[in-house]
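Subject: Structure handover

Hello,

Here is the structure I promised to pass on. Please open it first, then read my notes below.

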Amino acid sequence: GGEVYRWTGTGNGTVSAFTTDIVAPPEIVVQNLSPSTEVPLDESLRIRWTGGGATVQLVISQAGDLRVDARPILHLRLGPNRGGIIIPPRILALLPRDRNRFAFTFFSGAAKIARIEGYPDDVLVQALTSHSIVVQVSR
């Protein structure tokens, strides 16, 4: 995280050559959640992390074979990055009862609009950092 990414195009026809940079947010590192953590769904879940940009989001997905079974279940927009969150039991209760493993993916991004001479639309340029952990849950 924190790297500068540069996108460069040579142009073609009416579209001019361009270069645009974006800085990725610092790497998100979750401090107190690991694959060996068993999460009780009837208690508040406190999660701490370092890094990320101004805002952080969390997607909780089914955890199976991630190539074919990565279905998002909950998408939580956590708002301003305060380095942690408490997820109340009423939110955790929304997870399917027939599953006991879930992937928690935290991500944070930077975005800007690039204008390329000769191109009719604005171009959204984004850089993301993410951290995923598969955890066991208990009911």
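Two strands pair if DSSP finds at least two bridges between them. Helices (H or I, at least four residues) and strands (E, at least two) are themselves DSSP runs, numbered from the N terminus. Keep both in mind for what follows.

First, the ground rules. This is a predicted model, where local features need pLDDT of at least 70, side-chain atom pairs count only at pLDDT 80 or more, and totals for chains, interfaces and linings use all residues. Residues are numbered from 1 along each chain as its sequence is written, and side-chain values use heavy atoms, with hydrogens and water left out.

**Strands 9 and 10**

Strand 9 covers residues 101-114. Strand 10 covers 123-138. The two run antiparallel and are joined by 14 bridges. In one of these pairings, alanine 111 stands opposite glutamine 126 of strand 10.

**Strand 6**

How many residues of strand 6 are buried? Six of its eight residues (55-62) are, so the rest of the structure largely encloses this strand. Buried means under 20% relative accessible area, exposed means over 50%, and partly exposed lies in between (1.4 Å probe, protein chains only).

Strand 6 pairs with strand 7 (residues 72-80) in the antiparallel sense, over six bridges. There, valine 59 faces histidine 75. Strand 6 also runs antiparallel to strand 9, again with six bridges. Serine 61 has alanine 103 as its bridge partner in strand 9. Glutamine 62 stands opposite phenylalanine 102.

Three strands form an open sheet in the order 3-5-8, with antiparallel pairing. Strand 3 (29-30) and strand 8 (84-87) are its edges, each pairing on one side only. Strands 3 and 5 are joined by two bridges. Valine 30 sits opposite tryptophan 49 of strand 5.

**The cores**

A nonpolar core is a set of buried Ala, Val, Leu, Ile, Met, Phe, Trp, Tyr and Cys residues joined through side-chain atoms within 4.5 Å. The largest one has 23 residues. Among those with the most contacts inside it are Leu33, Leu45, Trp49 and Phe106. Strands 5, 6, 7, 9 and 10 each give two or more residues to this core. A second, separate core has five residues, including Ile22 and Val125. In soluble globular proteins, nonpolar side chains tend to be buried together.

Look closely at leucine 45. Contact means heavy atoms within 4.5 Å. Not counting residues up to four places away in sequence, leucine 45 touches Leu33, Val39, Ile85, Ile86, Ile87, Leu92 and Phe104.

Threonine 20 is in strand 2 (residues 18-23). Is threonine 20 buried or exposed? Its relative accessibility is 10%, so threonine 20 counts as buried. Its side chain makes a polar contact with the side chain of lysine 112, at 2.9 Å. A polar contact is a pair of N or O atoms within 3.5 Å; within protein, one must be able to donate a hydrogen and the other to accept it, and residues adjacent in sequence count only if both atoms are side-chain atoms.

Proline 88 lies in the loop between strand 8 and helix 1 (89-92). At 21% relative accessibility, proline 88 counts as partly exposed.

Best wishes
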